[in-house]
Amino acid sequence: MNMKPTENPLQQLGEFKSLSGAAVALIRRRIIDGQYQPGSKLVIGNISAELDISPGLVREALSRLVTEGLVTAHEQRGFRASEVSLKELQDITANRQMIETHALRLSIANGDAEWEAGIIAAFHRLKRSPRLEDEGQTHAWSQLHYAFHRSLLMACGSPWMLRFSDLLFDQSERYRRLRFGYELAGATPARDVDGEHQAIMDAALARDADRAAALLAQHYQHTAQRIIEQADNPAFNGGSTR
């Protein structure tokens with residue numbers, strides 16, 4: 001993160017009305033970005049000092065992230081960043097495909113001109129954003145990536161589908177970020193992500209629900225497959241290839 005040494009990290013999250021919400025968001029970001037590695041111990045005292053907030057607030061934030069599956073709590077060992085595994089990745093991907101393709105079909109059926117404009121604007125912003133030049137730009141791209149995928153589903157009419165989609169996005173993003181270093185080093189062949197997004201958008205705007213759903217499912221499968229091909233990533237340790 002690009003910040004002055006004396007800057008409180010929570011000051012970057014000024015959009016949150018409460019310190020509690022900002023703490024949850026920042027710890028969530030650090031887990032997803034890999035600053036807290038899978039399986040690493042999350043020491044309340046250390047995080048409290050890093051964020052300059054009370055240990056009680058850190059404990060509350062970690063407990064909330066347990067419900068999101070990003071943190072695990074052990075009675076004798078405290079909190080840890082959740083482990084990763086290829087089996088879990090496949091489960092996450094399958095559920096994203098199931099939930100989001102259905103939500104996309106509903107959005108295509110219900111969406112109006114405002115929904116269409118939101119998709120076009122989100123795609124334009126995402127396409128103009130650098131993706132892999134440095135860590136800060138990668139986080140910005142991730143936020144725009146979320147906004148684009150969310151725009152596709154916004155007319156589905158189901159708040160619960162959108163909530164599940166958000167949870168699954170964060171989990172998927174964590175796995176995607178685990179291979180950030182591999183892509184940055186050129187260890188994987190180039191992928192036309194912009195082209196994939198364009199094709200999904202075009203099908204959605206053409207109200208071709210079958211094609212849009214198929215392309216969205218394929219898009220998620222491509223990401224999962226690239227991670228599976230990089231299973232020697234040190235983050236996938238222990239029984240991760242189950």
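Which residue has its charged end over the ring of Trp-160? Arg-163 does, sitting 4.5 Å from the ring centre. A charge sits over a ring here if NZ of Lys or CZ of Arg is within 6 Å of the ring centre and within 35 degrees of the ring normal.

Hi everyone, a quick word on conventions. This is a predicted model, where local features need pLDDT of at least 70, side-chain atom pairs count only at pLDDT 80 or more, and totals for chains, interfaces and linings use all residues. Residues are numbered from 1 along each chain as its sequence is written, and side-chain values use heavy atoms, with hydrogens and water left out.

Let's stay with Trp-160, which belongs to helix α7, residues 159-178. Helices are DSSP runs of H or I with at least four residues, numbered from the N terminus. With 20 residues at 1.5 Å each, α7 should span 28 Å, and its end C-alpha atoms are 29 Å apart, which agrees. The expected span is 1.5 Å times one less than the number of residues.

Most of α7 is covered, with 14 of its 20 residues buried. Buried means under 20% relative accessible area, exposed over 50%, and partly exposed in between, using a 1.4 Å probe and protein chains only. Trp-160 counts as exposed because its relative accessibility is 53%.

Now the rings. There are three aromatic pairs, where rings of Phe, Tyr and Trp (its six-membered ring) pair if their centres lie within 6.5 Å; planes under 30 degrees apart are stacked, over 60 edge-to-face, and the rest tilted. One of them is Phe-123 with Phe-148, tilted, at 6.0 Å centre to centre and 55 degrees between the planes. This pair links distant parts of the chain, with Phe-123 in helix α5 and Phe-148 in helix α6, 25 residues apart. Phe-123 is buried at 7% relative accessibility, and Phe-148 is buried at 0%. Another is Trp-160 with Phe-164, also tilted, at 5.8 Å and 40 degrees. Those two are four residues apart in α7, so about one helical turn separates them. Phe-164 is partly exposed at 40%.

On to charges: how many salt bridges does the structure hold? Nine, each being a side-chain nitrogen of Lys or Arg within 4 Å of a carboxyl oxygen of Asp or Glu.

Back in α7, Glu-173 and Arg-176 meet in one of them, at 2.6 Å N to O, and they lie three residues apart. Glu-173 is buried at 3% relative accessibility, and Arg-176 is buried at 8%. Shared partners also join Arg-28, Glu-68 and Asp-170 into one network of salt bridges.

In helix α4, Arg-96 and Glu-100 are four residues apart and form a salt bridge at 3.2 Å. Arg-96 also lies over the face of Tyr-220, 3.8 Å from the ring centre. Arg-96 is buried at 7%, and Glu-100 is buried at 1%.

Finally, Arg-207 bridges to Glu-116, with the closest N and O atoms 2.7 Å apart. Here the partners are 91 residues apart: Arg-207 is in the loop between α9 and α10, and Glu-116 is in helix α5.
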